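Please look over the model below before reading on. The paragraphs that follow go from the overall make-up to individual elements and residues.

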Amino acid sequence: MLLSSAGIAKMVGVVGSIGGAYVAYATHPVNVACGKLNTVLRMGSIYMSIQGYKGRQIKKYPSFSKKDIRIYLNRTEISFMLPIGLLPDEVYKKKDLFYQAFGSELEFELSKDKRRFFIKAYNQEVKMFDYDKEKIAEAVKDIPLPIVVGNTQSGLVVYNMVENPHLLITGETGSGKSIQLRSILTTLLTQCKDRVELYCADLKRTEFHIFKGVANDVVIEVDDLRKIVNNISSAMNHRGKLLNKYGLAHVDDLPEDVKPKYIVFAIDEFVLLKKQNDIMNKLEEISSVGRALGVFLILSLQRADSTTMDGILKNNLTVRMAFRASSAVNSRIAIDSGEASEIMNKEKGKFALSLDGIRFAQAPLLALDDAKAMLEPHKWKEVIESKVVDLTEEEYSTEDANEDDEVFGVLAYEN
Ligand SMILES: Nc1ncnc2c1ncn2[C@@H]1O[C@H](COP(=O)(O)OP(=O)(O)O)[C@@H](O)[C@H]1O
Ligand SMILES: [Mg+2]
């Protein structure tokens with residue numbers, strides 16, 4: 001996967017505290033495992049004490065590096081080397097600490113020379129969980145553009161969309177895409193509205209009505225979506241000129257008084273746009289140059305078929321969440337590997353996350369009424385509840401575009 005080292009999500013939480021629940025925010029699994037191993041060795045005083053210069057005590061801990069940690073989908077393998085003189089019994093005596101840190105499914109192995117330990121820690125199921133407002137508010141507070149992923153083996157994961165631009169969410173009907181979008185967008189709207197402009201397009205007309213009057217705009221017609229895309233293009237032009245003027249490479253570096261907000265454009269069931277070449281071209285442009293300009297896409301679709309997802313667009317969607325896929329082929333189109341087809345039908349909200357490698361995660365469950373209640377205080381515009389119509393792809397027609405729907409928001413730049 002195309003991810004720079006800068007893209008490796010930063011650790012901003014408390015990691016590896018043993019004995020209790022730990023929460024790791026946006027952490028790389030290798031770092032998490034290293035942190036836990038360090039904690040176990042220190043808390044368990046697993047070291048050899050030797051006399052140093054002027055009688056000073058020196059603690060020699062077992063040695064390991066990141067290369068000694070291997071992450072597989074169902075397990076983490078850890079190995080470390082004992083200093084000569086430290087007996088394996090010292091490790092075995094502290095086995096319980098390893099269980100506390102790495103879970104209950106562990107296998108210990110010792111090399112023939114009794115110096116190198118190998119531990120396999122098998123993953124336990126990541127359980128379903130509800131969206132916890134307070135916990136998530138705490139987790140996102142220092143992240144400029146936080147995307148809440150959900151729970152993984154290493155705890156709650158949140159990443160910064162500015163570093164990992166553009167998100168693709170795929171999965172069969174009923175696998176959990178829309179709930180995940182609801183949670184992601186509700187977080188953005190309630191936690192960082194001061195720095196984000198959010199636009200939502202919901203061509204199936206089933207999901208985004210709750211964001212009306214809270215997001216900058218919510219559209220359900222292709223023509224209105226086209227207006228948003230065109231406005232975003234103008235905004236990108238404007239931002240490009242600003243960067244030129246100041247000789248900078250990223251909008252984040254602009255002076256505070258001219259720094260624009262991030263723009264996030266979320267499209268549910270993006271496949272309905274397949275035949276709109278002009279829109280698809282503009283989206284592709286956003287996906288390739290949006291990063292530096294602070295413009296980001298979130299696209300969801302059932303099947304990432306090769307015609308919709310071919311080439312540039314797919315490569316630019318650096319983070320992918322693949323909920324249950326009907327076949328290994330479909331999974332591969334989405335995340336370049338087959339894991340999403342191993343997710344069972346009953347495992348709602350579970351997905352294969354492609355971000356610094358692939359791992360399973362469980363999205364938070366945010367009920368509609370809870371999302372509504374969270375969004376209510378953030379409304380800037382009264383909205384008359386309209387009837388929600390569910391259209392299938394076949395029923396959908398671009399001809400019933402409603403000219404009366406205005407494009408609201410702040411996307412009004414002159415070129
Ligand atoms: N994260 C989750 N945790 C628990 N149940 C979930 C989760 N996500 C979805 N579900 C269940 O699955 C159903 C379908 O989810 P939905 O997001 O509408 O699927 P999709 O948009 O992929 O068709 C939901 O109504 C809910 O009952
Ligand atoms: Mg849906």
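Helices (H or I, at least four residues) and strands (E, at least two) are taken here as DSSP runs, numbered from the N terminus. On that basis the protein has 11 helices and 16 strands. This is a predicted model, in which local features need pLDDT of at least 70 and side-chain atom pairs count only at pLDDT 80 or more, whereas totals for chains, interfaces and linings use all residues. Residues are numbered from 1 along each chain as its sequence is written, chains are lettered from A and ligands numbered from 1 in the order in which they are written, and side-chain values use heavy atoms, with hydrogens and water left out.

A residue is called buried under 20% relative accessible area, exposed over 50%, and partly exposed in between (1.4 Å probe, protein chains only). Of the 415 residues in the protein, 50% are buried. Contact means heavy atoms within 4.5 Å, and among contacts between residues at least 6 apart in sequence, 65% join residues at least 24 apart.

We can begin with a sheet. Two strands are said to pair if DSSP finds at least two bridges between them. S3 and S4 run antiparallel and are joined by 3 bridges, with Ile69 standing opposite Ile78 in S4.

Aromatic residues come next. Rings of Phe, Tyr and Trp (its six-membered ring) pair if their centres lie within 6.5 Å, and planes under 30 degrees apart count as stacked, over 60 as edge-to-face and the rest as tilted. The structure holds 11 such aromatic pairs. One of them is the stacked pair of Phe80 and Phe117, at 5.5 Å centre to centre with 20 degrees between the planes. This pair links distant parts of the chain, since Phe80 belongs to strand S4 (residues 75-81) and Phe117 to strand S6 (residues 116-122), 37 residues apart. Both Phe80 and Phe117 are buried, and they belong to one aromatic cluster together with Tyr92, Phe98, Tyr99, Phe102 and Phe108.

Elsewhere, strand S10 (residues 196-202) is largely enclosed by the rest of the structure, because 7 of its 7 residues are buried. Both faces of S10 are covered, with Val196, Leu198, Cys200 and Asp202 buried on one side and Glu197, Tyr199 and Ala201 buried on the other. S10 pairs in the parallel sense with strand S12 (residues 262-268) over 7 bridges, where Ala266 of S12 is the bridge partner of Cys200. S10 also pairs in the parallel sense with strand S11 (residues 217-219) over 3 bridges, and here Ala201 stands opposite Val219.

Finally, some single residues deserve a look. Ser45, in the loop between H1 and strand S1 (48-51), has a positive phi near 50 degrees although this residue is not glycine, and at 40% relative accessibility Ser45 counts as partly exposed. Asp356 has a phi near 55 degrees, again a positive value in a residue other than glycine, and lies in the loop between strand S15 (350-354) and strand S16 (358-362). With a relative accessible area of 17%, Asp356 is buried. Arg332, in helix H10 (residues 328-335), is partly exposed, with a relative accessible area of 45%. Not counting residues up to four places away in sequence, Arg332 touches Lys314, Ser337 and Gly338.
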